[in-house]
Structures are given as C-alpha cells and as structure tokens.
Amino acid sequence: MKKAKFILMTAAALSLGMMVTSGCSDKKEKAQIAHQSPFERIKAEAGKGDVKAQYDLGICYFYGLETAKDINQAIIWWERAAAGNHAPAYYQLGACYEEGTGVIKNQYYALYCYRQAARLGSDHGQCAVGRCYTDGIGTMPILSTAVIEYLPAALNGNAEAQYNVGKFFAEGKYYPKNFALASFWYRESAQKSYRKAQEDLPKLKLEL
C-alpha cells in the first residue's frame with residue numbers, strides 16, 4: 001500500500017510539472033494547482049482525457065488512495081483508459097473480469113483484455129495470456145499457445161513468465177524434458193526473487 005501511494009504521488013508530481021511548464025501562464029491558476037492534492041490533480045487530468053491519469057485514478061479508487069475505495073469507479077476509469085489503448089488498464093480489467101471483482105465474472109472477456117494488453121506490449125499481459133492457455137481460463141488449455149505467449153514476456157525479463165517457461169522444460173510439458181534449459185529459466189526468475197523459482201531451482205539441481 002505504501003509503495004502504491006508513493007507511485008501515485010510521483011505520477012501526480014510529474015503531471016503537475018507538465019501542467020505548470022506547458023499550460024498555465026496565469027500565476028493564480030498555478031497556485032491553485034500547487035495546492036491541489038495528488039488525487040485532485042490526477043482527477044483533473046483524467047477528466048481532460050489523459051489516459052495515464054485515467055489509469056492512475058482507477059488505482060486510487062481501487063485501493064482507496066486519498067479517496068474512498070470504490071471498485072466500480074476504478075473499473076469505469078480503467079475502461080476509459082483502455083479505450084485509449086493503455087496496456088496496464090486492459091490488464092487490470094482482465095484481472096477484475098477473471099476474478100469477478102466489481103463486475104460479473106467473465107473469463108472470456110478477461111482473456112480478451114489480457115490479449116489487448118499483450119498486443120500493446122505489456123509483458124504482464126503476455127504472461128496472463130500464457131497462464132490462460134495453460135490453465136484453461138476463457139479458453140481450452142492449449143500448451144503450444146501458452147509457450148508462445150510466455151516466451152516474449154520471459155525474454156523481456158518477466159519473472160513469472162521465466163519461471164513458467166522453465167516449468168515447461170522441467171516437467172516435459174509440450175516440449176521434451178530439458179533440465180539445462182529449465183535450470184536456466186528458473187535461475188533467471190529466481191534472481192528476480194520470484195519465490196516459486198527459488199523453491200524449485202534447488203530441487204531441479206538434484207536432477208542435473
């Protein structure tokens with residue numbers, strides 16, 4: 001929660017800097033902006049159509065940062081940001097629809113949202129699509145597709161994706177078992193403090 005608050009405050013500070021340098025020539029208007037809370041600044045920018053601010057405003061409502069917690073409002077603002085092709089907003093919507101958080105559970109639509117996030121370059125979206133095809137969320141389990149979705153995220157340094165690519169090789173899922181490759185991907189993931197990789201890497205070493 002503390003980390004999220006500081007991220008919010010950073011985003012608000014950056015937004016303030018851009019507004020002051022590019023849009024506000026009136027001293028009184030500058031002073032009014034300077035005295036706004038981070039939440040008020042972000043809400044103002046979101047209302048003007050800034051997709052990053054719309055996403056941040058959704059985060060504020062979802063976690064109750066400087067405002068009352070309101071998941072319905074969070075989803076409304078994430079939908080607006082997603083309409084502007086904001087990848088993290090699509091990812092958050094996917095998570096909500098997958099679990100039925102604030103919306104009627106719809107795993108087919110969750111997969112769609114994850115796909116959109118992946119299309120826009122989100123490694124979290126790519127990883128989520130891989131998980132959907134592994135576990136059969138919103139689709140039939142298709143391991144060949146799961147690997148294809150996990151791999152770009154793994155190459156981009158996503159620890160969860162790296163672990164799952166390693167797991168395919170460790171367990172012989174879709175590909176023949178290859179403990180050397182499994183060890184490589186587990187090690188990459190473990191170096192980023194991914195707990196499952198840290199737990200499974202020592203077990204895998206016994207197989208080498």
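## Helix α7

A polar contact is a pair of N or O atoms within 3.5 Å; within protein, one must be able to donate a hydrogen and the other to accept it, and residues adjacent in sequence count only if both atoms are side-chain atoms. At the start of α7, a side-chain oxygen of N106 lies within 3.2 Å of the backbone nitrogen of Y108. Helices are DSSP runs (H or I, at least four residues), numbered from the N terminus.

Helix α7 covers residues 107–119 and reaches 18 Å from its first C-alpha to its last. Its buried residues (under 20% relative accessible area, 1.4 Å probe, protein chains only) include L111, Y114 and A118. The buried residues of α7 pack against α6 (87–99) and α8 (123–135), contact meaning heavy atoms within 4.5 Å. G121, which follows α7, has a positive phi near 95 degrees.

## Model and conventions

This is a predicted model, in which local features need pLDDT of at least 70 and side-chain atom pairs count only at pLDDT 80 or more, while totals for chains, interfaces and linings use all residues. Residues are numbered from 1 along each chain as its sequence is written, and side-chain values use heavy atoms, leaving out hydrogens and water.

## Salt bridges

Six salt bridges are found in the whole structure, each defined as a side-chain nitrogen of Lys or Arg within 4 Å of a carboxyl oxygen of Asp or Glu. One of them joins E98 and R131 at 2.7 Å, N to O. This pair links distant parts of the chain, with E98 in helix α6 and R131 in helix α8, 33 residues apart. Both E98 and R131 are buried.

Within helix α12 (residues 195–205), E199 and R195 are four residues apart and form a salt bridge with closest N and O atoms 2.9 Å apart.

Conventions
Helix = DSSP H or I, 4+ residues; strand = E, 2+ residues; numbered from the N terminus. Expected span 1.5 Å × (residues − 1). Buried < 20%, exposed > 50% of the residue type's maximum accessible area, 1.4 Å probe, protein only.
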